Amino acid sequence: MRNKKMTDITSTYGSLVFGETAMKERLAPEIYKALKHTINTGVELDISLAQPIADAMMSWAIEKGATHYTHWFQPMTGVTAEKHESFLTPIKGGKAILSFSANALVKGEPDASSLPSGGLRATFEARGYTAWDPSSYAFIKDGTLCIPTAFCSYGGEILDKKSPLLRSMDAINKQAMRILKLFGNKTAKRVVPTCGAEQEYFLIDKSMYESRMDLVHCNRTLFGARPPKGQEMGDHYFGVINPRVSAFMKELDEELWKLGVPAKIKHNEAAPAQHELAPVYTTVNMATDQNQITMELMKSLSSKHNLACILHDKPFENVNGSGKHNNWSLATDDGVNLLEPGETPQENAQFLLFLLAVIKATEEYQDLLRISAASASNDLRLGGHEAPPAIISISLGEELTSVLQAIEANTHYKGNGEDKIILGATVLPSIPKDTSDRNRTSPFAFTGDKLEFRLLGSSFSIACTNYIINTIVADALDGFASILENSKDFKNDLTNLIAKTVKKHKHIIFNGNNYSAEWVEEAKKRGLLNLKTTVDALELFDTEKNIRLFEKHHILSKSEVKSRKDILLDNYTKALNVEGLTMIDMTRKQIVPATLLYEGQLVELALNKKNLDPKLDRSTETEIIDKLSAATKKLHNLTKELEDELTKTNTAVDSYNRAVMFRDNIIPLMNSIRSVVDSIEPLVAKDYWPFPTYADLLYSVK
């Protein structure tokens, strides 16, 4: 039975994907070979091959039950978009045929007027284009053939997250291949960035979710007193999975496997009701598409199990937020991980050069890495409960750091108490593997053969982080290659380049506790940026340095950079505006009425006691009444102040100034209102409180 089940799993894996198996079965050998060449190398596909591919794709999709197709794309909303069109084509005689043209495969025309453009498009300019991305496989979802595509405006400006990612893959391939050529590599034809995105999420009872206006509208709780038990016991982490959650996870795995998403690991996370899914690594383009599919399926399948999946970065105060750990590396098309230490000095010299490219890039573009994880929701998460702080640094582990220090000083490297190798102008050390523990507080940690970027929140697309990492590392590799290509003494110049790079950029390396106050002071002394809020970070997005970087590597134009800054600022203010309005609604329509009702009951009880016997003690009732009365008055005044401030803030025309006003005026007011409400909640009897408490929510799945 077990073997049969295993066979079922492997036979259904990728069954809803027009991947290699389906392509090989349905395409002529020469067409399959050409398409595979495009996928493997990134070269443009011969457009004359599009029609036979479209025919094969439609035939396969119809056999799988599909009736429609869509160009599935990733606009700047952070979620995916799709416009479904039927394969059905009416013909004469009141009949119809099924058709799917090459043009329909290659290009689509969704309305672009209602999607974020950051000023690149006027509202009345509706035309936009989607373009097929053959490097990411088409798949079937809900009876529709989904074709991964890029998205641009009528004028060619890119309006999505896939386009800069694909461009950045080309950029890093170009520069990495220059480095490999210098090391005499004659087998690799392409270098591809790879990624595995660990996805954290919360599951609570669906009825509980629907009972709270803040969860429905904001996907996070705006109020909630600390529950009697949170995560302090550590009993949820890796604990036995609840049967309802297990049933959801099982179906999620099965559906993901059908779509070719290599879901590998599932477990309970640290906070009550928190869980994690981790996939096997793949190319960053595929990983980005697959993570979007994963998040969408989590939301839809959880509802079937009467659960609500919460992907907000910080849905509950005083417990862990949810992150998305972005494990990034570089691999050649012949299977070599360029961020894995080798067995020979030459292999390790190459490894060190690629590692130092990441270190150099991280130090020079701290602002961009912080921007890639910037949002109003993630500002709530960074800096506590297992989320790294906003200060960008890299953790390498003590032994690898010692190797770099020895190279810089041109001294003996001592490991485990013994000299491993003498460093000289032509010799580099052997590098041990897995010689340090993981630093869970580090924003960017080397973990043996990859770097784990831990700043991303659960709700994020991984596209932005990865196109930024790809681009800044490509820039560092470009600088290295330009130096070494003109070398007369390669080994000596390589050693000197490594030593100089270590010396210049070592202050970005930190292996200690990133949460400590001492690190904040130390980072300041080192000249590292501390961009605490999204507004602080986004101010630096369109600096000349960053625009020059993106234009140099053909990732984004100046106008496209500025548009992304405006979109992110707009997202920030809109999210906070929704939260502010929701807070006002909940306060006026639920919290104040419930509090007054309970206060009235206490007053009635006190009066009854007085009428029954004036000597009866009424101090408990009067004490609670006094506290509730004072808090309710304060809450009423603060709510009016928030309403007035929102009106004033939303009249600001400039997107940056509006964001500053939200950061400096609205957020402190919202925090004050929350503080008052959270102080009221423990004073009001449970039957009177208008919505589920944290204790209800976090332990709602029975």
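User: What makes Phe691 count as buried or exposed?

Analyst: First, a heads-up: this is a predicted model. Phe691 has a relative accessible area of 5%. Buried means under 20%, so Phe691 is buried.

User: And how do you know whether Trp689 is buried or exposed?

Analyst: Run the check again: Trp689 has a relative accessible area of 7%, and the cut-off is under 20%, so Trp689 is buried.

User: Why is the aromatic pair of Trp689 and Phe691 called edge-to-face?

Analyst: A pair of rings is described by the distance of the centres and the angle of the planes. Trp689 and Phe691 are 5.7 Å centre to centre, with 70 degrees between the planes.

User: How many aromatic pairs does the structure hold, and why is the one between Tyr237 and Phe238 called stacked?

Analyst: There are 18 aromatic pairs. For Tyr237 and Phe238, the ring centres are 4.3 Å apart and the planes sit at 15 degrees. Under 30 degrees counts as stacked, so that pair is stacked. Ring pairs also link Tyr69, Phe87 and Phe100 into a cluster.

User: What makes Tyr237 partly exposed and Phe238 exposed?

Analyst: Exposed means over 50%, and partly exposed lies between that and the 20% cut-off for buried. Tyr237 comes in at 36% relative accessibility, so it counts as partly exposed. Phe238 has 54%, so Phe238 counts as exposed.

User: How do you know that the charged end of Lys565 sits over the ring of Tyr656?

Analyst: The charged end of Lys565 is 5.8 Å from the centre of that ring. The distance has to be within 6 Å, and there's a limit on the angle too, within 35 degrees of the ring normal. The pair is listed as a charge over a ring.

User: Why does Asn219 count as buried, and what does its side chain make a polar contact with?

Analyst: Asn219 has 17% relative accessibility, and the limit is under 20%, so Asn219 counts as buried. You'll find Asn219 in the loop between α8 (213–218) and α9 (243–258). Its side chain makes a polar contact with the side chain of Tyr209 at 3.4 Å, and the cut-off for that is within 3.5 Å.

User: What about helix α16: how far does it reach, and what is expected?

Analyst: Helix α16 (residues 490–505) reaches 22 Å from its first C-alpha to its last, close to the 22 Å expected. Its buried residues include Leu494, Ile498 and Val502. Among the elements covering the buried residues of α16 are α11 (345–364) and α15.

User: Last one: which residues touch the most other members of the largest nonpolar core?

Analyst: Val473 and Phe550 do, in a core of 125 residues. Helix α15 (residues 463–484) gives the most to this core, with 13 residues.

Notes. Residues are numbered from 1 along each chain as its sequence is written. This is a predicted model: local features need pLDDT of at least 70, side-chain atom pairs count only at pLDDT 80 or more; totals for chains, interfaces and linings use all residues. Side-chain values use heavy atoms; hydrogens and water are left out. A nonpolar core is a set of buried Ala, Val, Leu, Ile, Met, Phe, Trp, Tyr and Cys residues joined through side-chain atoms within 4.5 Å. Buried means under 20% relative accessible area, exposed over 50%, partly exposed in between (1.4 Å probe, protein chains only). Helices (H or I, at least four residues) and strands (E, at least two) are DSSP runs, numbered from the N terminus. Rings of Phe, Tyr and Trp (its six-membered ring) pair if their centres lie within 6.5 Å; planes under 30 degrees apart count as stacked, over 60 as edge-to-face and the rest as tilted. A polar contact is a pair of N or O atoms within 3.5 Å; within protein, one must be able to donate a hydrogen and the other to accept it, and residues adjacent in sequence count only if both atoms are side-chain atoms. The expected span of a helix is 1.5 Å times one less than its number of residues. Contact means heavy atoms within 4.5 Å.
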